[in-house]
Amino acid sequence: HISILKLRCDCLVHLDQDLKIAEESPKLAALLLRTGPMLGKEFLSLAAHGKRSQLLTILTETLSLPNLMHTSLRDGDGNDVSVEIMWCRIQNVSLAP
């Protein structure tokens, strides 16, 4: 469940159906050296140059099975940060504790 993911991963990011960050993610902000809120930010806007279309394709066309990919995100200074993204699409789930 989510508690296991929190132990395994540096940060856990919830995206809505529009691939916007659905819950505040201070660990993601810290990882990418970004200040300010992450809530509502388009996740694809964090993708490194040339990685956005790959990320969009994988996040929108993949079935509900867990997946893993290596890609790069941009940090607050404009540097590419290599990341490993594990994800699974879960629909119609409340994010409330």
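Student: With which residue does aspartate 80 form a salt bridge?
Tutor: A salt bridge here is a side-chain nitrogen of Lys or Arg within 4 Å of a carboxyl oxygen of Asp or Glu. In this predicted model, local features need pLDDT of at least 70 and side-chain atom pairs count only at pLDDT 80 or more, while totals for chains, interfaces and linings use all residues. Residues are numbered from 1 along each chain as its sequence is written, and side-chain values use heavy atoms, with hydrogens and water left out. For aspartate 80, the closest N and O atoms of the pair are 2.7 Å apart, and the partner is arginine 74.

Student: Are aspartate 80 and arginine 74 buried, partly exposed or exposed?
Tutor: Buried means under 20% relative accessible area, exposed over 50%, and partly exposed in between (1.4 Å probe, protein chains only). Aspartate 80 has a relative accessible area of 47% and arginine 74 one of 21%. Because both values fall between the two cut-offs, each residue is classed as partly exposed.

Student: Which residue forms a salt bridge with glutamate 42?
Tutor: The search of the whole structure finds two salt bridges. In the one involving glutamate 42, the closest N and O atoms are 3.9 Å apart, and the partner is arginine 52.

Student: In which element does arginine 52 lie?
Tutor: Helices (H or I, at least four residues) and strands (E, at least two) are DSSP runs, numbered from the N terminus. Glutamate 42 sits in the loop between helix H2 (26-31) and helix H3 (52-61), ten residues from its partner, and the pair links distant parts of the chain. Arginine 52 itself belongs to helix H3.

Student: Which residues does leucine 28 contact, leaving aside its neighbours within four places in sequence?
Tutor: Contact means heavy atoms within 4.5 Å. With those neighbours set aside, the residues in contact with leucine 28 are Cys11, Val13, Ile21, Met38, Phe43 and Leu46.

Student: In what order do the elements of the chain run from the N terminus?
Tutor: The chain has three helices and two strands. From the N terminus on, their order is α-α-α-β-β.
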